[in-house]
Amino acid sequence: MKKLSNFKNNLSKNLQWQNFLPQFFLLLFFCLLIFYFTRNAQINLLARNITSGFDFLSTNSGFDVQFSLIPYDGSFSFGRAYLVGLLNTLLVSFFGIIFASILGFVIGISRLSENLLLSKLSLFYVELFRNLPLILQIFFWYFVVLRNLPSTEKSLILLNFLIVNVQGFYFPKFIFTNFPFVLYGIIFAILTIFLVKYYSNKMFYNTGKYLPVFKLSLVFLILFPLIFSFLGNVGLKFEQAKLIQNFGIFNYVGGVKLVPEFLALLFALSLYTSAFIAENVRAGILSISKGQKEAAKSIGLNNSLSLKLIIIPQALRVIIPPTTNQYLNLVKNSSLAAGIGYPDLTSVFAGTSLSQTGKAIEIIFIVMMTYLSISLFISLILNWYNKKIAFISK
Amino acid sequence: MSKNMFKFFGSLALFAFVLSGTAVKAGTKEDVAKKGSVSCGVSQGVPGFSNADASGKWSGIDVDMCRAVAAAVLGDANKVKYQPLSAKDRFEVLKSGQIDMLSRNTTWTLSRDAGLGLEFVGTNFYDGQGFIVRKAAKVNTAKKLNNVKVCVETGTTTELNLRDYFKANKLKYEAVSFTKADEAVAAYDAGRCDVYTTDKSGLAAQRTKMKNPGEHTVLPETISKEPLGPVVRGNDQNWKDIAAWSLYVMIEAEELGVSSKNIDSMKSTDNPNIKRLLGLEGDTGKSLGLSNTWAYNIIKQVGNYGEVYERNVGAKTPLGLARNGSPNQLWSKGGILYAPPVR
């Protein structure tokens with residue numbers, strides 16, 4: 001008996017080793033592989049007299065960028081150029097995600113509408129936008145739609161507000177005086193909304209009645225800033241872009257300018273991604289069993305309330321994880337900007353800066369790490385949100 | 001050890017072996033001889049320099065540089081594989097070894113020559129940067145370009161000179177950058193920009209592609225020096241010499257009056273310079289590791305510099321760049337083309 005248990009002990013020890021060894025060697029192998037590639041690159045760079053290192057980040061870039069959120073020109077450093085590109089990527093991603101989410105949600109819900117026209121139109125929308133390659137959609141907006149707008153001197157001026165021509169869209173700039181009062185108004189409105197919400201919940205538990213919180217919130221958000229502005233003597237001026245003529249060359253100067261490269265990318269990314277989000281939303285809603293809807297009806301909830309209180313909160317658990325993927329895709333897809341000359345991270349840093357400095361390894365490394373960080377950050381936020389709304393099993 | 005573990009380590013070893021096998025590398029000339037063709041990086045379409053016609057046949061002054069090297073090394077100017085490259089990618093592709101030489105209207109600068117591990121072998125066209133505007137703009141000098149949008153190809157010296165010029169003249173502008181020259185030209189043509197800038201030869205070439213070439217005018221200013229020439233990797237001295245001397249013999253041949261048409265009748269000459277050039281005397285090929293007819297092959301199949309110039313960019317081509325009075329004339333005729341002696 002004792003021998004047998006000894007044997008068993010040995011066997012299990014052996015098995016442990018057998019499990020451990022391959023893993024150890026695999027790890028060792030990958031370490032060596034990484035070492036090999038780094039060493040190889042080093043040797044080759046040395047052999048060809050190619051200087052390496054990150055010193056270039058602080059030298060003058062020497063090139064200009066047409067669209068930047070921060071002050072920048074060629075007298076700034078390559079590090080600053082990186083920041084310009086990063087901010088442009090974040091800008092188009094941020095607005096892309098917002099528009100794609102709103103559109104996706106609306107289309108996804110319309111897709112399940114009982115109105116045949118609405119649901120068929122949504123179906124058409126989804127199939128059209130998700131089945132065409134994204135780069136083609138970007139080209140469509142850029143070369144077909146925005147390229148064929150009128151020239152500067154023949155600009156379309158819509159409602160004396162928006163100026164549209166082949167060089168971009170110009171909005172008036174809002175110039176406030178005493179702007180803090182508007183902020184105070186907004187803060188006050190938000191506080192009031194919380195109070196009303198609290199009161200409404202309390203009333204609901206006590207009497208079963210509730211207040212129209214959403215509608216009230218809208219009213220507060222508009223009313224309070226207006227009242228505060230009036231009290232604080234807030235002034236608002238619009239600075240419209242002006243047409244400047246220099247010999248036979250016409251140009252708009254001033255205002256808020258959106259370049260066609262940005263608009264084309266934003267349109268394409270938003271529409272493309274919204275088609276996928278719409279499908280996620282539809283799948284999420286369909287995943288809720290019919291019983292839930294019937295139960296909601298049986299306790300007297302109308303259609304919109306049952307959607308708001310019963311269906312959507314449960315559907316979100318199904319919708320969020322795949323939608324996270326779509327957000328990540330949108331950020332990564334924004335690097336297709338290089339195709340139309342929007343100065344995003346890839347085109348300014350991994351494109352222009354790379355070819356001006358020749359520091360391929362360093363720059364590609366930085367850009368890869370940056371996209372990785374952005375993606376991980378977005379996943380982190382959405383995973384946190386997903387956890388927050390997940391079922392708490394008791 | 002179990003059978004599975006053997007399999008596992010076996011495949012690891014095989015993988016490592018495959019990786020280590022890729023390390024050995026011969027010189028570029030030997031590679032080219034083995035492949036039977038020269039891979040040459042060219043532009044994505046600049047008429048007169050490197051441009052493919054409807055049937056996919058490449059021509060241009062830069063293309064003839066590739067052909068000259070192929071004629072020298074392989075004895076056949078047609079053994080060239082062309083790889084169209086954007087300005088942005090060209091150096092990386094050359095560095096990585098995907099092409100044997102780059103002949104793509106590339107400006108020779110200090111930082112490129114010394115910092116990229118590359119070697120500029122000479123200048124086959126002396127150029128300078130200029131501006132093109134619409135005639136409707138009613139501007140006759142670049143000094144009047146204020147508050148304009150300028151279309152430019154990214155990753156070029158053009159982009160850097162542009163900034164220098166506008167800054168020095170205190171003029172406001174916006175640079176709208178594109179990856180391909182074609183895109184930049186199309187954007188200018190569509191009115192996205194008021195000005196397009198590139199090397200002056202390029203302006204002449206790109207104007208032929210515009211919807212209405214007559215509506216545009218090139219401004220008189222030349223704002224930079226742009227010596228354009230072929231580039232090779234910096235770790236192969238022999239290959240650099242071959243590329244450099246392929247260019248020099250074309251210039252030398254013109255100076256000596258040898259052309260593709262009269263070369264065979266020149267064989268009976270008494271001039272020792274010509275005899276050396278044609279490989280009838282001395283062994284110029286040997287020190288380059290080539291056959292002694294290498295220079296003969298270049299001149300016979302590609303032509304001398306004058307022939308190459310007139311065929312591609314000269315007065316009778318759509319570009320119509322007059323040679324007399326430009327730097328691209330022989331030193332003996334007022335230009336700055338000067339080849340070291342072939343001996």
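## A tour of chains A and B

Select A:L345. Apart from neighbours within four places in sequence, A:L345 is in contact with A:G85, A:L86, A:T89, A:V367 and A:T370. Contact here means that the C-beta atoms of two residues, placed from the backbone, lie within 7 Å. This is a predicted model: local features need pLDDT of at least 70, side-chain atom pairs count only at pLDDT 80 or more, and totals for chains, interfaces and linings use all residues. Residues are numbered from 1 along each chain as its sequence is written, while chains are lettered from A and ligands numbered from 1 in the order in which they are written.

**Stay on A:L345.** The residue belongs to helix α10 of chain A. Helices (H or I, at least four residues) and strands (E, at least two) are DSSP runs, numbered from the N terminus. Is A:L345 buried or exposed? A:L345 is buried, with 27 other C-beta atoms within 10 Å. A residue is buried if 20 or more other C-beta atoms lie within 10 Å of its own, exposed if 12 or fewer, and partly exposed in between, with C-beta atoms placed from the backbone. A:L345 and A:L32 are 313 residues apart in sequence and 32 Å apart in space, C-alpha to C-alpha.

**Show all of chain A.** Chain A has 11 helices and eight strands. Its radius of gyration is 29 Å, well over the 21 Å that the globule rule gives for 394 residues, so chain A is more spread out than a compact globule. That radius is taken over C-alpha atoms, and the rule is 2.2 Å times the number of residues to the power 0.38. The C-alpha trace of chain A spans about 90 × 70 × 45 Å along its principal axes. Of its 394 residues, 29% count as buried. Among contacts in chain A with a separation of 6 or more, 66% come from residues 24 or more positions apart.

**Select the four-stranded sheet of chain A.** This open sheet has the order β1-β2-β3-β8, with antiparallel pairing. β1 (156-158) and β8 (256-258) of chain A stand at the edges, each with a single partner strand, so one side of each is left without a neighbour in the sheet. From one strand to the next, the twist averages 20°. Axes are lines fitted to C-alpha atoms, for helices over the stretch in contact, and angles run from 0 to 180 degrees between N-to-C directions. Two strands pair if DSSP finds at least two bridges between them. Strand β3 (residues 168-171) of chain A is joined to β8(A) by three bridges, and the two run antiparallel. Zoom in on A:F171, which stands opposite A:V256 in β8(A).

Strands β6 (residues 242-246) and β7 (residues 249-253) of chain A pair in the antiparallel sense over five bridges. Which residue is the bridge partner of A:I244 in β7(A)? The partner is A:N251. Two residues lie between the strands of this hairpin, and A:F247 takes a positive phi near 55°.

**Bring in chain B.** Here 32 residues of chain A are in contact with 39 residues of chain B. On the side of chain A that touches chain B, α1 (2-47), β6, β7 and α10 (345-357) of chain A each supply at least two residues. The residues of that side divide into 12 nonpolar, 17 polar and three charged. Ala, Val, Leu, Ile, Met, Phe, Trp, Tyr, Cys and Pro count as nonpolar, Asp, Glu, Lys and Arg as charged, and the others, Gly among them, as polar.

**Select the five-stranded sheet of chain B.** The order of this open sheet is β10-β9-β11-β8-β12, with mixed pairing. Its edge strands, β10 (173-178) and β12 (216-218) of chain B, each pair on one side only. The twist averages 30° from one strand to the next. Strands β9 (residues 148-153) and β11 (residues 195-199) of chain B pair in the parallel sense over two bridges. Look for B:C151 opposite B:Y196 in β11(B). Then show helix α8 (residues 200-207) of chain B, which lies across β8 (129-134), β11 and β12 of chain B, at about 125° to β11(B).

**Finish at α7 of chain B.** Eight of the nine residues of helix α7 (residues 181-189) of chain B are buried, so this helix is largely enclosed by the rest of the structure. The buried residues of α7(B) include B:A181, B:V185 and B:Y188. They pack against β9, β10, β11 and α8 of chain B. After α7(B) comes B:G191, with a positive phi near 95°.
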